[in-house]
Amino acid sequence: MTAIGITALGSPAHANSIDGSFSDLAAQAGAPGGAIAYIEDGVVERTETFGSTGDGEPVQATTQMLWGSTSKSVAAAVAVRLHEGGVLDLDAPVSSYLDGGPDVPVRSLLNHTSGMPFGAADLDVTRPGTTAVEVAVGLDPELDAAGEHRYSSLGYLYLQAAIEAATGKPYADSLAGVAPGAGATAEDCSGVAAGHRLAGPFAVTAGIGYDGAGATYGYTCGSVEDLAAFAVAQLGGEKATFDAQIAEPVETGRSDTRYGLGWRVTSEPDERTTVWHTGTVPGYFSAIYLDPETGDGAVVLLNASGFLHEEALAAATRAAYDQATGRDQTQIPSAWMASAIPVGLLALAAIAAVALIRGRPGGRRAVVVWAALAGLVAIATLVVAPMLMGVPLRYFWLWEPALVVGAGVLLATLTGGLTSSIVRLRR
C-alpha cells in the first residue's frame with residue numbers, strides 16, 4: 001500500500017490537529033495520525049483529525065483505515081440483522097452452514113464462547129481474493145472449554161464464512177445494509193491510509209496485506225465518519241440491533257466487564273454503562289465507546305499498531321471518551337518496554353561485538369561459549385517466545401519489528417563470534 005518510511009514519534013507529523021487535546025493523547029501513545037468523532041445525544045457533534053496518512057497527506061474525516069476488531073461489532077450487527085430476517089439462525093450449529101464446520105451455535109462465535117482458540121496462526125494472512133468459506137473448510141480448530149468466554153478472532157472468520165454460506169453472497173453485500181460506506185474487499189480497502197508499525201520510538205510505514213477471509217475479525221475498512229455513522233445508527237436507528245447485541249452478555253472473568261454479541265459491556269464506577277470495543281490489525285488501531293443511556297460516545301481510528309504499544313493506544317482512546325463524557329481521564333501508560341527490549345538486545349550485541357573484536361576467540365572453549373550463546377538466543381527467539389505467546393514467529397515482525405531487528409543483530413553477532421572461533425581453532 002505504501003513504500004517503507006520511518007517517522008520519529010513526537011515529530012511535526014503531530015502538529016496539524018484541529019484541537020490539540022486528542023492529538024496530544026494519541027501522539028503520546030505513538031500514533032502518527034488519526035481521527036476521532038465525538039457523539040453527543042446520539043448525534044456526531046464534531047470530528048477532529050491530526051497527523052499524516054504516511055503518504056504526505058493530512059488525515060481527514062474521510063480518510064479510510066482498517067477497523068481492526070471494531071469490525072466484530074459491525075459483523076455481529078450484520079449477523080443479528082440476518083437472524084431477524086430469517087436468513088441466518090444464530091442458534092443453529094455452524095456445521096449446518098459449513099461442511100465440516102464445528103458443531104457449536106453461530107451465536108457462540110459472536111460472544112466468544114465457542115471454545116475456539118484465538119487462532120493467530122490462521123490470521124493476518126495476505127490472501128486478498130480468498131473467501132472465508134474457502135479458508136474455513138480447510139481448518140480444523142481444536143475446541144476447548146466451550147461455553148466459557150475465550151476471545152477468538154478465528155471464530156469471527158468462521159462467522160464470515162457462515163454469513164457467506166447462508167446468503168450465497170460475499171460478506172460485503174451483507175455489510176452494506178448495516179454500515180454503508182464501509183468496505184470488505186481488497187478492492188474496497190485499496191485506498192486506506194498507510195499503516196504504521198511502531199518500533200520503539202519510531203513509526204515505520206510498510207505495505208500491509210489484506211485478508212479477504214478476515215473482514216469480520218479486522219479487515220473491514222472505512223473512514224471515521226463511516227464508523228461513527230454505524231455507531232449512531234446502532235444507538236437509535238430504525239434498524240438498530242444494539243439492544244439485542246447487549247441484552248445477554250456473558251462473563252469474561254473481569255468483574256466489571258461482560259461480552260455481548262460483538263460488544264464489551266462495562267459497569268463504570270459512576271454506575272453508568274459503557275458499551276465498547278477496541279481493535280487492531282497490523283498498522284492500525286480503532287475504538288468505539290458508547291454510553292447507551294446518554295447517547296454520548298467517541299469513535300477513533302489511528303494509523304498505528306504495536307503489541308507493546310497497545311495498552312497506551314487503548315488508554316489514549318479511552319481518555320478521549322472520558323473527556324467527552326465528564327469522567328476522570330484514564331492515564332496513558334508509558335510504552336517504555338517497546339524501546340527498552342530492543343535497545344537491550346542491541347546493547348548485548350554491542351558487548352558481544354566488542355568481545356569479538358578485542359578478544360582472542362580461539363580454542364575449543366571459545367567455540368563452545370559462542371555456540372551456546374548463539375543457540376540460546378536462536379531457541380529463545382525462534383521457539384520459546386512464539387510458544388509462550390501462542391503466536392507464529394511472523395507475528396513478531398507484524399507487531400513488533402524492533403524486537404526482530406534487535407534479536408537478529410544479536411544472533412548475527414553471536415554467529416559471527418562462533419564462526420571466527422571455528423576458523424581460529426582450525427588454524
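Axes here are lines fitted to C-alpha atoms, for helices over the stretch in contact. The views below show a predicted model.

**View 1. Helix α2 packs with helix α5 at an angle of about 35°.** Helix α2 covers residues 70-84 and helix α5 residues 153-167, and their axes lie 11 Å apart. The two helices form a left-handed crossing. From α2, the contact involves Lys72, Ala75, Ala76, Val78, Ala79 and Leu82. From α5, Ser153, Tyr156, Leu159, Ile163 and Thr167 take part. Sorted by class, this contact holds eight nonpolar, two polar and one charged residues.

**View 2. Helices α11 and α14 cross at roughly 15°.** The axes of α11 (residues 336-358) and α14 (residues 401-426) come within 8 Å. Angles under 35 degrees count as roughly parallel, so α11 is roughly parallel to α14. The crossing of α11 with α14 is left-handed. Residues of α11 in the contact include Ile341, Pro342, Leu345 and Leu356. They meet a set of α14 residues, among them Ala402, Leu403, Gly406 and Ser420. The contact of α11 with α14 has 15 nonpolar, five polar and no charged residues.

**View 3. The largest nonpolar core has 79 residues.** Leu66, Leu110, Tyr158, Leu159, Phe230 and Val299 have the most contacts inside this core. Leu159 is also one of the α5 residues in the contact with α2.

**View 4. Surroundings of Leu66, with neighbours within four places in sequence left aside.** Leu66 is in contact with Cys189, Val192, Tyr210, Gly218, Tyr219, Thr220, Cys221, Val281, Tyr284 and Leu301. A second, separate core has 26 residues, including Ala29, Ala203, Ala304 and Ala316.

Definitions and conventions
Residues numbered from 1 in each chain as written. Predicted model: local features only at pLDDT ≥ 70, side-chain atom pairs only at ≥ 80, totals over all residues. Heavy atoms only, no water. Axes fitted to C-alpha atoms, helices over the stretch in contact; angles between N-to-C directions. Helix = DSSP H or I, 4+ residues; strand = E, 2+ residues; numbered from the N terminus. Parallel < 35°, antiparallel > 145°, perpendicular 65-115°, else oblique. Left-handed = near helix turned anticlockwise from the far one by under 90°. Contact = heavy atoms within 4.5 Å. Nonpolar A, V, L, I, M, F, W, Y, C, P; charged D, E, K, R; others polar. Core = buried A, V, L, I, M, F, W, Y, C linked by side-chain atoms within 4.5 Å. Buried < 20%, exposed > 50% of the residue type's maximum accessible area, 1.4 Å probe, protein only.
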